[in-house]
Amino acid sequence: MRILIVKLSSIGDVVHALPAAAFLKRALPEAQISWVVERSASAILKDSPVIDQLIEIDTRSWRERPLSMHTLADARARLGELRHRGPHSNGGKIDVAIDLQGLIKSGIVARASGASRRIGFDPAGLREKASRVFLTEEVDTSHLEHVIEKNLALARAALEMNGASSDSTPYEFPIALRPEDDLFAESEAGARGKRFAILNPGGGWTTKLWPAERFGQLADLLLEQHSMASIVTYGPGEEALANQVAASSRAKAARPLASTLKQFVALARRASLFVGGDTGPLHLAAASSTPIVGIYGPTSAERNGPFDKRDIAVGLDLWCRSNCHRRSCWHWECMDIPLSRVAKAASKRLADKERKDPE
């Protein structure tokens, strides 16, 4: 059986889809699992033991004419390798495509793969309703809160229709690290003692950003109250923001650090705490079992937040928060979260970490 996962971006969304891939491989070990992803979000998937074939694409050229014959032809050309490459392909076709994105462009990819079964969310779960035309089967996930469970529901639907049963194994995030990734993390962690925090001030959207000054003040409190230095991680274009955090720490308790995604994972696996907003690094930290304090404004922690029940999501209950998801806004109240609330949550999460985990 050949299964195609279509989850193009972003990094956090790709991380949330990994448990579905792990579930499929666990349920059908002999199946070939292919994954189509945007090149910009592909790094975290490379060499994963549950992915037999990784297809990287760039859909920027599709956006101007998403439903044109030219776009569909280009998608077919880029996905031709699905039929002719891979350890088990033998020129065979994709049996089922699972669209975990719910966009027109992901629907185009699923359709261009040649799969006779194309499974996706029902209209209420689609990010672009028009993508429904590319599906042959729809799955209702409105009763599920977290996006990981929604993704797993589509994977289960694909297998149950072929006689395979679901299971209740905890979420798996099969991310393959190289020895040099671990060496990088060991070096950085060792320079800060046994305990350190990761502070990630970036967020992609301006509406997700907690003030850099408060991150710097938090670093001071973590050092003062918990003897814990902080590493400030950042992505492309966020170096100035990370430097602002460091400059806001009076005790010089926060140091910016550039890393690749996999180096970040290696670092997160060693960290005592992660504090940041709803963005890729938070989801990578959750996949790494790092204790988390998430700072949430325009997005839902119930849908996108960390899934360890000991982790803490901090936010404000405002009149405008429900189903917001605005990337820009005329006011900024939702991220005006007091330093004291985040610091209190950090202390509580650290205390919970130090208690013995339940068996």
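Are Trp210 and Phe215 buried or exposed?

Analyst: Trp210 and Phe215 are both buried, where buried means under 20% relative accessible area, exposed over 50% and partly exposed in between, with a 1.4 Å probe and protein chains only. This is a predicted model, in which local features need pLDDT of at least 70 and side-chain atom pairs count only at pLDDT 80 or more, while totals for chains, interfaces and linings use all residues. Residues are numbered from 1 along each chain as its sequence is written, and side-chain values use heavy atoms, leaving out hydrogens and water.

The structure holds four aromatic pairs; rings of Phe, Tyr and Trp (its six-membered ring) pair if their centres lie within 6.5 Å, and planes under 30 degrees apart count as stacked, over 60 as edge-to-face and the rest as tilted. One of these is the edge-to-face pair of Tyr171 and Phe307, with 5.1 Å from centre to centre and 85 degrees between the planes. Tyr171 lies in the loop between helix H5 (147-160) and helix H6 (179-190), and Phe307 in the loop between helix H11 (301-304) and strand E12 (312-314), so this pair ties together parts that are 136 residues apart in sequence. Helices (H or I, at least four residues) and strands (E, at least two) are DSSP runs, numbered from the N terminus. Tyr171 is partly exposed, with a relative accessible area of 27%, and Phe307 is also partly exposed, at 29% relative accessibility.

Returning to the pair you asked about, the ring centres of Trp210 and Phe215 are 5.0 Å apart and their planes stand at 85 degrees, so this pair too is edge-to-face. Ring pairs also link Tyr171, Phe173 and Phe307 into a cluster.

Phe215 is among the buried residues of H7, which also include Ala212, Leu218, Asp220 and His226. Helix H7 (residues 212-226) has 15 residues and reaches 21 Å from its first C-alpha to its last, close to the 21 Å expected at 1.5 Å a residue, the expected span being 1.5 Å times one less than the number of residues. Just after H7, Ser227 takes a positive phi of about 55 degrees.

One further ring deserves mention here. Arg156 lies over the face of Phe23, at 5.5 Å from the ring centre; a charge sits over a ring if NZ of Lys or CZ of Arg is within 6 Å of the ring centre and within 35 degrees of the ring normal.
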